[in-house]
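Please keep the sequence and the model open beside you as you read.

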Amino acid sequence: FRKKVEKDEVYIQAIQQLGSVMEHTIKQNNAVDIYEEYFNDIVEDGCAEPPSAKTINVFRDPNDQKRTASNICWYPDNAQKLAVAYSVLEFQRSSPGMCMDSYIWDVESPNKPDMTLKPISPLVCIEYNPKDPH
C-alpha cells in the first residue's frame with residue numbers, strides 16, 4: 001500500500017510543496033537566535049511579593065431568577081458607574097416571564113442599583129456611548 005501511495009502523482013506534488021514550505025520555515029528559524037539575550041538592559045524590580053487581589057464590592061443581580069452578568073462596561077469619564085447586562089444565555093431554557101432588566105450600578109453603593117434599564121429583549125452586551133455617556 002505504501003509503495004502504491006508513494007508512486008501517486010498527487011502524493012509527489014504534495015511532498016514537493018511541503019518541502020518548499022518547510023525549507024522556508026527552517027530558514028526563518030535559522031535567522032533568529034533563540035538563545036540570544038534580547039532584554040539585557042531591563043532591570044528587574046526587587047519585588048518578591050506574589051500578586052494578590054482583594055474583593056471590595058459584590059454587585060448581585062437583584063432578581064430572584066439566576067442570571068449571569070453577560071457584559072460589563074465602565075462609565076467613560078470616571079470609574080464611579082458600572083453598566084451590567086444580565087441575561088440567561090440559554091435562550092431556549094428561559095421562561096416566558098423572565099426579567100429582562102439590566103442595571104447601572106454606583107461603585108459606592110453595591111446594595112442597590114443606581115438605575116434600571118428595561119429593554120424589550122435580554123441584553124447580551126452593553127456599552128456607554130463615548131460621545132454622550134449619559
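## The chain at a glance

Two helices and four strands make up the secondary structure of the chain; helices (H or I, at least four residues) and strands (E, at least two) are DSSP runs, numbered from the N terminus. Along the sequence they follow the pattern α-α-β-β-β-β. The chain has a radius of gyration of 28 Å, well over the 14 Å that the globule rule gives for 134 residues, so it is more spread out than a compact globule. That radius is taken over C-alpha atoms, and the globule rule is 2.2 Å times the number of residues to the power 0.38. Taken along the principal axes, the C-alpha atoms fill a box of roughly 70 × 50 × 35 Å.

Before going further, please note that this is a predicted model, in which local features need pLDDT of at least 70, side-chain atom pairs count only at pLDDT 80 or more, and totals for chains, interfaces and linings use all residues. Residues are numbered from 1 along each chain as its sequence is written, and side-chain values use heavy atoms, with hydrogens and water left out.

The mean pLDDT of the chain (the predictor's confidence in each residue, from 0 to 100) is 83, and 93% of its residues reach 70 or more. Confidence is lowest in helix H1 (residues 2–7), at a mean of 72, and highest in strand S3 (residues 102–106), at 93. Where pLDDT is low, the predicted coordinates should not be read in detail.

## The sheet

Four strands form an open sheet in the order S1-S2-S3-S4, with antiparallel pairing. Strand S1 (68–74) and strand S4 (115–117) stand at the edges, each with a single partner strand, so one side of each has no neighbour in the sheet. Two strands count as paired if DSSP finds at least two bridges between them.

S1 and strand S2 (residues 81–87) pair over six bridges, and a hairpin of six residues joins S1 to S2. S2 also pairs with S3 in the antiparallel sense, over four bridges. Some bridge partners are listed here:

| Residue | Bridge partner |
|---|---|
| Thr-68 | Ser-87 in S2 |
| Ala-69 | Tyr-86 in S2 |
| Val-84 | Tyr-103 in S3 |

## Cover and surface

Is S2 mostly covered or mostly open? S2 is mostly covered, with six of its seven residues buried. Buried means under 20% relative accessible area, exposed over 50%, and partly exposed in between (1.4 Å probe, protein chains only). In the chain, buried residues make up 17% of the 134 residues.

Residues 24 or more positions apart account for 48% of the chain's contacts with a separation of 6 or more, where contact means heavy atoms within 4.5 Å.

Ser-95 is a handy landmark to find on screen. Ser-95 sits in the loop between S2 and S3 and, at 34% relative accessibility, counts as partly exposed. From C-alpha to C-alpha, Ser-95 and Lys-27 are 60 Å apart in space, and they are 68 residues apart in sequence.
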